[in-house]
Amino acid sequence: MQSPTDHENFLQTARHNPTYFEVASHLGQVIDYCVPANAYFPTQEMHQALVERLPALLKYYPDYRPESVSILSEIVNVNPINLLTVNGSTEIITTLVNNQMQGPILVDIPTFGRWTDLPRDIGKSLVTFQRRMDQGFHIDPEEFIAFAIRSKVKSMVLCNPNNPTGSLSKSTELLHIIRRLSHLELIVIDESFMPFADDPLSESLEKLVSQLGNVLVIKSLGKAIGWHGVRLGFVVGNRQLIDGLRPLIPYWNINGIAQFALSLVRDHPNEFYSSLARIVEDRRSLEQRLREIPGLTVFSSQANFAFFQLPHPFDGLQLRDRLLKRHKLFVRECSNKIGSSSSFFRIAARPKEDTDRLTKTLRSELRFL
């Protein structure tokens, strides 16, 4: 265990949150409401299958990239020529920002931190479009289009559903934006949380993007399959864009455990999709329970988390620390996201007993702040 001073310092992160392992090294085991992962997949039987295969998966090289793309193609029903598997969404984000996206780059905020941090780290011009609380953090297409044209951006990113707000733009709205901004060099739609939307098949651009000239869709599979640690994601686009990306991605970028995880999804589709439906119910239940707590402003989410704001003048950092130190509940306070503040929280949807514990504790702690 670390000292209290170490604990306080380790929580003061300028970007993202400390990892689960960092938290556990200071405080022991906690319940994680910070990382929004699938609690229902893989099943215990699938975990056991991994344990049995682990010696071979660690000893030998994984299959070549075309095999992982082939497995992915069966899962998402997209032509392999339009797909590329990646080592988590951050690998393709880094590749795109470093090599494919010209500044000024337009990014909606608040959003996933790598989209704002990386351009600034490498000196590329970044333009931010602030999502507005009075609009439920939903983007008005015409307002966004006008802002992009006025800012003379060359590339843009939209996270849909948005992280951390959970706000979803309809596919018709995104297609309208894409048509009006067809002059941009590259448009990226980050759909990492789309599997948890109420109707992902209707709202995703995954199957349409191969017909669009300057658009890529990226997805993080770790969240959906419940194994963040395998670092697994993919990108979809027209053949020309995907062909241009392949030489920039390591040939063995997907490790053997990640490829095994892909095969689990392919071989167990019923279990996988039923797990996503259970998460949608968990999120709805979480939002309902949070709305029952006096003073909280809870925003509608289409991801596997809820987003809420504390009433003034409550201190979000103090609440986060009390939940963690007094109750071993690890939550995501959003002050280190550009365009957000310490009054906002993102809470991962978890099974009912965990939601009950969090909301009961949250109601109690708010009385003392």
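The structure holds one cavity of 30 Å³ or more, and the largest cavity has a volume of about 40 Å³. A cavity is a set of points, on a 1 Å grid over the protein atoms alone, where a 1.4 Å probe fits but cannot get out. This is a predicted model, where local features need pLDDT of at least 70 and side-chain atom pairs count only at pLDDT 80 or more, while totals for chains, interfaces and linings use all residues. Residues are numbered from 1 along each chain as its sequence is written, and side-chain values use heavy atoms, with hydrogens and water left out.

**The cavity**

- Which residues line the largest cavity? They are Asp-63, Tyr-64, Arg-65, Ser-68, Tyr-251, Trp-252, Asn-253, Ile-254 and Gln-259; a lining residue has an atom within 4 Å of a point.
- By class, this lining has four nonpolar, three polar and two charged residues. Here Ala, Val, Leu, Ile, Met, Phe, Trp, Tyr, Cys and Pro count as nonpolar, Asp, Glu, Lys and Arg as charged, and the others, Gly among them, as polar.
- Volumes are the space filled by probe spheres set on the grid points, which are joined across faces, edges and corners.

**The pockets**

- A pocket is an open set of points with protein on both sides within 12 Å along at least five of seven lines.
- The largest pocket has a volume of about 1200 Å³. It is lined by 38 residues, and the closest to its centre are Asp-32, Val-35, Pro-36, Ala-37 and His-228.
- Helix H2 (20-27), helix H5 (89-100) and strand S13 (344-348) each supply at least two residues of that lining. Helices (H or I, at least four residues) and strands (E, at least two) are DSSP runs, numbered from the N terminus.
- The lining of the largest pocket divides into 16 nonpolar, 13 polar and nine charged residues.
- The second largest pocket holds about 580 Å³ of space. Of its 25 lining residues, Pro-195, Pro-200, Leu-201, Tyr-273 and Leu-276 are the closest to its centre.
- Which helix gives the most to the lining of the second largest pocket? That is H13, with five residues.
- The residues of this second lining are 18 nonpolar, two polar and five charged.

**Helix H15**

- H15 (residues 352-365) has 14 residues and reaches 20 Å from its first C-alpha to its last, close to the 20 Å expected at 1.5 Å a residue. The expected span is 1.5 Å times one less than the number of residues.
- Its buried residues (under 20% relative accessible area, with a 1.4 Å probe and protein chains only) are Asp-354, Thr-355, Leu-358, Thr-359, Thr-361, Leu-362 and Glu-365. They are on the same side of H15 because they cover an arc of only 165° around the axis, taken from the directions from the helix axis to the C-beta atoms.
- On the other side of H15, Lys-352, Glu-353 and Lys-360 are exposed, which means over 50% relative accessible area.

**Helix H7**

- In helix H7 (residues 141-151), the buried residues are Pro-141, Phe-144, Ile-145, Phe-147 and Ala-148. Seen down the axis, they fall within an arc of 165°, so they line one face of H7.
- Strand S3 (105-109), strand S4 (126-130), strand S5 (155-159) and helix H8 (171-180) are among what covers these residues, where contact means heavy atoms within 4.5 Å.

**Lys-59**

- Lys-59 lies in helix H3 (residues 44-59). Its relative accessibility is 63%, so Lys-59 counts as exposed.
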